[in-house]
Amino acid sequence: VELTKKNYRLAKELSELRVRHREECKNVTRLTMENMNLASRCREAISHVAMLKKELVNYQKRAKEEIRLQREQTQRMASNLSAEVSRLSRSFSDDNQSSVSSPDKKSEME
């Protein structure tokens with residue numbers, strides 16, 4: 001009788017262990033699938049970040065080039081303006097000197 005009780009108890013424990021093992025296997029499978037899903041999403045995110053980083057580098061290069069071109073254009077415009085101011089200033093002072101030095105020429109021109 002004692003042996004039968006022990007046998008019954010061990011059989012019941014074995015059955016419970018099998019059920020627990022089955023549940024643990026299901027959990028492991030579920031967790032493995034979740035892990036694979038997360039790994040896939042991480043790879044996608046890393047890939048997306050790499051693409052965005054390349055876009056940012058390209059944007060920064062374009063912005064830097066545009067700024068350089070704007071500076072060159074501004075310098076050219078300033079240089080041209082300065083040259084024009086100098087030319088007009090010389091022209092103005094030449095006109096003033098010729099009218100001051102020979103007022104007769106002015107009246108002859110009229």
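**Exercise 1.** Work out how R68 takes part in the network of salt bridges that links E65, R68 and E72.

*Solution.* Start with the criterion: a salt bridge is a side-chain nitrogen of Lys or Arg within 4 Å of a carboxyl oxygen of Asp or Glu. The model is predicted, so local features need pLDDT of at least 70 and side-chain atom pairs count only at pLDDT 80 or more, while totals for chains, interfaces and linings use all residues. Side-chain values use heavy atoms, without hydrogens and water, and residues are numbered from 1 along each chain as its sequence is written.

Next, take the pair R68 and E72: their closest N and O atoms are 2.3 Å apart. Both residues lie in helix α1, four residues apart, about one turn of the helix. Helices (H or I, at least four residues) are DSSP runs, numbered from the N terminus.

Last, check exposure. Partly exposed lies between buried (under 20% relative accessible area) and exposed (over 50%), with a 1.4 Å probe and protein chains only. E72 is partly exposed at 30%, and R68 is partly exposed at 36%.

**Exercise 2.** What spacing along helix α1 separates R30 from E34, and what spacing separates E84 from R87?

*Solution.* R30 and E34 are four residues apart in helix α1 (residues 2-101). Their salt bridge has its closest N and O atoms 2.9 Å apart. E84 and R87 are three residues apart in helix α1, and their side chains meet in a salt bridge at 2.5 Å, N to O.

**Exercise 3.** How many salt bridges does a search of the whole structure find?

*Solution.* The search finds five.

Note on methods:
Helices (H or I, at least four residues) and strands (E, at least two) are DSSP runs, numbered from the N terminus.
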